Amino acid sequence: MMKIDYNEAADILKNCGNAYVLIHQSPDGDCVGAGHTIYHMFRAMGKKAKILCSDEISDRFAFIKKDYEDEDFEPDIIISADVADDKLLGSLREEYGDKVELCIDHHISNNGYAAKTLVNPDASATCEVLYEIIKILGIPVTGAMAACIYTGIATDTGCFKYENAGARCHEIAAELKRSVKINYARINRDMFDVKSIGRLKMEKSVIDIMEFYLDGKCTMICVTTDILDKMGVDAAELDGIAGLPLQVEGVEVGVTIKQRDENSYKISMRSANDVNVSDICAMLGGGGHIKAAGCLLHGTMDEVKKQIVDAVAKGLEQC
Ligand SMILES: [Mn+2]
């Protein structure tokens, strides 16, 4: 792999022909925004781009999808956006995994599967990286592009809330708001406030089964297969609930235990402030990031809970 800078990436995008743009599986706001931003950049340059994703793009992003027209053509170049690892291409990996000529990304963990990679780990989102390229190329930012870029930055920063929301992403949001008049508040409402009634009811059930340990500093949600059946939701719908325990006042570590089968459990751990859950999960044979990590544990539910509480207690002591 070859790491390239912003100017080299801009040159490639300017001089290449029609492109296929690959985004990662379980598409989120950043890769959806990035893929569509490249599509609009290519249209502005009189070229074609087609977005490919192994999973369907949710209708939550209908306001982005409405400006996209899918066309069939043979690509001159394969580009990927926000895809840190070729494994994340899902079913597209077999056909395109080793054919990606340009990867544009912001993950420090990018594994260099593409021939050329522009990765800026200081950028909040791939959409932030693309905004800089648009400026280099002098492409006018349209309303459709602004919606994509804003969505990517807002979703990857939890609405400008996480630590990765650097000064530059605030500047870009300000530049967009100053120059392109679209309904940014509506994007935030749709991305962060609006939930299906099923999802809200599921959150209620999850709150009902919350357990508190270590003077309320550790909260646990234990979702057994029985409970899941009672809630009437499948495991996929539980995505994203790991953040829920952290909303409780005084909680430092939020733990979600999901039963996989009779004796094995998938553990997700989130840290509210300074506790390093990557270290805690490492004690339990797992790993991850400082504020979000996980592991797999075996035994009875009570044994698993005890192991977790002991490890979290050690983690709290080290803090
Ligand atoms: Mn991203």
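At 0% relative accessibility, A154 counts as buried, where buried means under 20% relative accessible area, exposed means over 50%, and partly exposed lies in between (1.4 Å probe, protein chains only). This is a predicted model, in which local features need pLDDT of at least 70 and side-chain atom pairs count only at pLDDT 80 or more, while totals for chains, interfaces and linings use all residues. Residues are numbered from 1 along each chain as its sequence is written, and side-chain values use heavy atoms, with hydrogens and water left out. Helices (H or I, at least four residues) and strands (E, at least two) are DSSP runs, numbered from the N terminus.

- D30 counts as buried, with a relative accessibility of 0%, and D156 counts as buried at 16%.
- D82 is placed in the loop between β4 and α4 (93–96). D82 counts as buried at 2% relative accessibility, and its phi is positive, about 65°, although D82 is not a glycine.

- A154 lies in helix α6. Leaving aside neighbours within four places in sequence, A154 is in contact with C159, F160, N188 and F192, contact meaning heavy atoms within 4.5 Å.
- The C-alpha atoms of A154 and D208 are separated by 30 Å, and these residues are 54 residues apart along the chain.
- C159 is found in the loop between α6 and α7 (167–179). C159 is partly exposed, with a relative accessible area of 29%, and it has a positive phi near 65° while being a residue other than glycine.

**The second largest pocket**

- The second largest pocket has a volume of about 180 Å³. On a 1 Å grid over the protein atoms alone, a pocket is an open set of points where a 1.4 Å probe fits, with protein on both sides within 12 Å along at least five of seven lines; lining residues have an atom within 4 Å of a point. Grid points are joined across faces, edges and corners, and the volume is the space filled by probe spheres set on the points.
- The lining consists of F63, K66, D67, G143, A144, A147, I182, N183, R186, I187 and D190. Helices α6 and α8 (184–193) each supply at least two residues of this lining.
- By class, the lining has five nonpolar, two polar and four charged residues. Ala, Val, Leu, Ile, Met, Phe, Trp, Tyr, Cys and Pro count as nonpolar, Asp, Glu, Lys and Arg as charged, and the others, Gly among them, as polar.

**Strands β1 to β6**

- Strands β1 (residues 2–3) and β6 (residues 116–119) pair in the parallel sense over two bridges, and K3 stands opposite T117 in β6. Two strands pair if DSSP finds at least two bridges between them.
- Strand β5 (residues 102–105) is joined to β6 by four bridges, and the two run parallel. C103 has T117 of β6 as its bridge partner.
- Strand β2 (residues 19–22) runs parallel to β3, with four bridges between them; L22 has L52 as its bridge partner in β3.
- In strand β3 (residues 49–52), A49 and I51 point one way and K50 and L52 the other way, and all are buried.
- S80 is part of strand β4 (residues 77–81) and counts as buried at 0% relative accessibility. Not counting residues up to four places away in sequence, S80 touches L22, V100, L102, C103, I104 and Y113.

**The six-stranded sheet**

- An open sheet of six strands with mixed pairing has the order β7-β8-β9-β10-β12-β11. Strands β7 (210–213) and β11 (287–288) stand at the edges with a single partner strand each, so one side of each is left without a neighbour in the sheet.
- Within this sheet, β8 (residues 218–223) and β9 (residues 253–261) pair in the parallel sense over six bridges. C222 has I257 in β9 as its bridge partner.
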